[in-house]
Amino acid sequence: MKIFTLLFLIASQSFALMTEIGASYSYSKKTFNAANYYQSDSKSASVSLYFLEQFALELSYTDQFYESQESDSNSTRTVQQSTKITGADLIYVITDQRSAFQPYLKAGGAYIAKKKQVKYVNADVIDIPTRDGLAPSYGIGLKYKLTEKFSVKTGYDIWQTPLDDGTTTEDSSFKVGLSWYL
């Protein structure tokens with residue numbers, strides 16, 4: 001943390017920093033019948049500090065939730081999963097800040113915390129063991145400037161997520177949101 005503070009102070013003294021605040025939300029629900037469905041939602045927020053015209057340090061937080069219910073004539077099972085991702089990425093904007101279309105690349109790391117529960121009707125809740133941990137992340141995206149202050153931002157992010165058995169998997173997310181330059 002001391003390194004980030006030192007770099008921030010050096011960068012702010014040497015360069016005029018531009019700050020971008022971003023937010024996105026998604027929701028999806030698929031219903032097969034009254035007793036069988038799945039739904040998910042995702043909320044994200046980010047703060048990016050731009051320096052050297054085409055680089056930014058982005059700090060982000062994502063909260064995701066998934067629920068599914070499956071029923072047959074004998075039982076009903078509900079599965080709930082939540083994921084919280086706190087990330088820090090270095091962004092390289094391929095074009096300059098004056099361009100209307102701004103493709104970008106990003107790489108960094110994230111701390112991922114997961115929780116999973118399974119519920120059966122008339123039975124106790126079963127907590128499924130998960131493993132929280134640090135994960136490398138990378139992604140691509142595109143910003144389209146609507147005005148000098150507002151942009152539409154799309155991105156595809158991938159995390160090398162740790163699993164409870166010590167291996168990793170690639171989790172991914174496609175996001176669309178708005179950003180505001182201060």
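Me: What makes a residue buried, by relative accessible area?

Reply: Buried means under 20% relative accessible area. The model here is predicted. In it, lysine 106 has a relative accessible area of 10%, so lysine 106 is buried.

Me: Which residues does lysine 106 meet in salt bridges?

Reply: Side chains of opposite charge can pair when their charged atoms come close. In this model, lysine 106 and glutamate 58 form a salt bridge through their side chains, at 2.8 Å from N to O. That pair links distant parts of the chain, with glutamate 58 in strand β3 (residues 55-71) and lysine 106 in strand β5 (residues 101-120), 48 residues apart. Lysine 106 also forms a salt bridge with aspartate 157, where the closest N and O atoms are 3.6 Å apart. Here too distant parts of the chain are linked: aspartate 157 belongs to strand β8 (residues 150-162), and the two residues are 51 apart.

Me: Which residues are linked in a network of salt bridges?

Reply: The network links Glu58, Asp89, Lys106, Lys153, Asp157 and Lys175. The structure as a whole holds 12 salt bridges.

Me: How should I read the salt bridge of aspartate 96 and arginine 98, and where do its residues stand in accessibility?

Reply: The side chains of aspartate 96 and arginine 98 meet at 3.4 Å, N to O. Aspartate 96 counts as partly exposed because its relative accessibility is 29%. Arginine 98, at 65%, is exposed.

Me: Which residues make the nonpolar surface patch?

Reply: The patch covers about 910 Å² and is made by Ile21, Val47, Phe101, Leu142, Tyr144, Leu146, Phe150, Leu178, Trp180 and Leu182. Strands β7 (133-145) and β9 (168-181) each supply at least two of the patch residues. Tryptophan 180 is in strand β9. With a relative accessibility of 39%, tryptophan 180 counts as partly exposed.

Me: What about serine 42: where does it lie, and is it buried or exposed?

Reply: Serine 42 lies in strand β2 (residues 36-51). Its relative accessibility is 12%, so serine 42 counts as buried.

Me: Which residues is serine 42 in contact with, leaving aside its neighbours within four places in sequence?

Reply: Serine 42 is in contact with Ser24, Tyr25 and Ser26, and also with Thr62, Asp63 and Gln64, once those neighbours are left aside.

Conventions:
Residues are numbered from 1 along each chain as its sequence is written. This is a predicted model: local features need pLDDT of at least 70, side-chain atom pairs count only at pLDDT 80 or more; totals for chains, interfaces and linings use all residues. Side-chain values use heavy atoms; hydrogens and water are left out. Helices (H or I, at least four residues) and strands (E, at least two) are DSSP runs, numbered from the N terminus. Buried means under 20% relative accessible area, exposed over 50%, partly exposed in between (1.4 Å probe, protein chains only). Contact means heavy atoms within 4.5 Å. A salt bridge is a side-chain nitrogen of Lys or Arg within 4 Å of a carboxyl oxygen of Asp or Glu. Patches are made of residues with over 30% relative accessible area and no salt bridge: like charges are joined within 9 Å, nonpolar side chains (Val, Leu, Ile, Met, Phe, Trp, Tyr) within 5 Å. Accessible areas come from the Shrake-Rupley method with a 1.4 Å probe; for residues, only the protein chains shown count as cover.
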